[in-house]
Amino acid sequence: MTFQSLLSDYFGEFCTAYSSNINHDIRYAMKAMLTCHTEQQGHSRWQCSHCEHQVNHPMSCGHRHCTQCQHQTTSDWLNKQQQKLLPIDYFMVTFTLPAELRYLAKRHPKLLYQAMFTVTASVVKSFANNDKHLGNKIGFTSVLHTHNRRRDLHPHIHMVITGGGFDDKKRQWKQCKNKYLFNTFALAKVWRARLLEYITSVLKLSLPDKLANKWVVDCRHVGHGKPALLYLSTYLYRGIIADKDILYLDNHQVTFRYKDNQTKTMKTRTLPVLQFLWLILQHVLPKGLRRVRDYGLLRGHEKKQLQLIQYAFMLAGQLTLPSPQKVVRLTAQPFCPCCQHVMQLAGIFRPR
């Protein structure tokens with residue numbers, strides 16, 4: 001049971017039922033998923049050097065929402081981020097879009113998700129600049145998630161933030177104290193005010209009549225940064241649902257499993273198959289929207305500044321950086337079914 005097989009079997013019915021909801025990005029994602037590891041994507045040809053036997057293997061689609069692709073991309077991102085870590089405490093801050101504004105995520109996903117990135121970054125930078133105990137330069141990575149564990153639409157942004165900052169004037173690193181970064185209630189108030197102003201004044205979109213006065217922002221100490229990076233990497237470059245979590249199809253009803261956020265136990269959810277397909281495909285991101293972004297000291301043009309800070313920690317005996325690892329792409333070498341010798345890649349062929 002795979003998402004690809006379900007989409008293939010119910011493709012016509014799904015397109016008819018949700019024709020008004022399917023945009024260009026979703027159609028492109030569906031096309032990529034349906035042709036992944038098929039001859040429509042082309043194939044690689046392998047030839048045995050011993051007996052000259054040839055085998056063709058279909059290519060993958062490489063789409064970022066495909067459940068069968070992007071496995072290597074996750075480890076590449078994690079290795080890259082680990083090279084930027086400092087021997088300090090880190091915090092994870094989560095900004096959640098309230099339920100009343102989720103309809104905007106459905107109608108204008110690219111505009112709203114971009115607004116979430118812009119506003120959350122401005123909020124965190126403002127709090128850092130106004131904090132006398134922090135340096136004016138901090139570093140943080142923002143990751144957009146559009147769903148909760150049950151795969152419902154639940155847009156939120158996770159931030160992994162350095163528990164301290166670099167003071168440009170004194171040329172020194174200032175560490176936050178007592179495992180405390182920012183006041184969550186103050187963060188939530190500013191987050192609410194700035195996002196609403198951005199939606200009305202910049203995006204020129206209308207707001208609902210009723211909006212919750214209290215918004216949800218979570219700020220928690222996560223120790224050194226690697227655990228937070230591991231958590232984020234789990235959800236970055238894979239599809240919305242893994243094929244192993246789709247349990248079975250019975251009488252046009254799909255049952256899948258998920259981990260409950262409160263009890264930390266595995267639970268199941270059953271939906272009509274067309275509803276299940278839309279539950280997953282509604283999370284396809286618009287073309288050109290990056291779901292991971294670095295800010296402050298973690299941005300590319302601040303690389304030299306970050307390296308100087310790392311060297312200072314190294315001189316103090318607090319940091320030992322892992323040697324940069326070259327990304328090596330290992331080419332799979334299948335064995336010949338006839339003589340069991342290693343087969344060599346003869347070429348890649350794409351359909352005209």
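# Close-up views of two open sheets

**View 1. Strands E10 and E11 run antiparallel, joined by seven bridges.** Strand E10 covers residues 253-259. The model shown here, as in every view below, is predicted.

**View 2. E9, E10 and E11 make up an open sheet of three strands.** The order is E9-E10-E11, and the pairing is antiparallel. Strand E9 spans 246-250 and strand E11 spans 266-272. Both stand at the edges with a single partner strand each, so one side of E9 and one side of E11 lack a neighbour in the sheet. From one strand to the next, the twist averages 25°.

**View 3. Helix H9 lies across the sheet strands E9, E10 and E11.** H9 is formed by residues 273-281. Its direction makes an angle of about 115° with E11.

**View 4. The loop between E9 and E10 holds His-252.** This residue is not a glycine, yet its phi is positive, at about 60°. To find His-252, look in the loop that lies between E9 and E10.

**View 5. The loop between E10 and E11 contains Lys-264.** Here too the backbone angle is the point of interest. Lys-264 is a residue other than glycine, and its phi is positive, near 60°.

**View 6. E2, E1 and E13 make up another open sheet of three strands.** The strand order is E2-E1-E13, with antiparallel pairing. Strand E2 (54-59) and strand E13 (343-349) are the edge strands. Each of these two pairs on one side only. The twist in this sheet averages 30° from one strand to the next.

**View 7. Six bridges join strand E1 to E13.** E1 comprises residues 38-48, and the two strands run antiparallel. Trp-46 has Leu-345 of E13 as its bridge partner.

**View 8. Helix H3 lies across E1 and E2.** The helix takes in residues 24-35. H3 runs at about 35° to E1.

Notes. Residues numbered from 1 in each chain as written. Predicted model: local features only at pLDDT ≥ 70, side-chain atom pairs only at ≥ 80, totals over all residues. Heavy atoms only, no water. Pairing = 2+ DSSP bridges. Helix = DSSP H or I, 4+ residues; strand = E, 2+ residues; numbered from the N terminus. Axes fitted to C-alpha atoms, helices over the stretch in contact; angles between N-to-C directions. Contact = heavy atoms within 4.5 Å.
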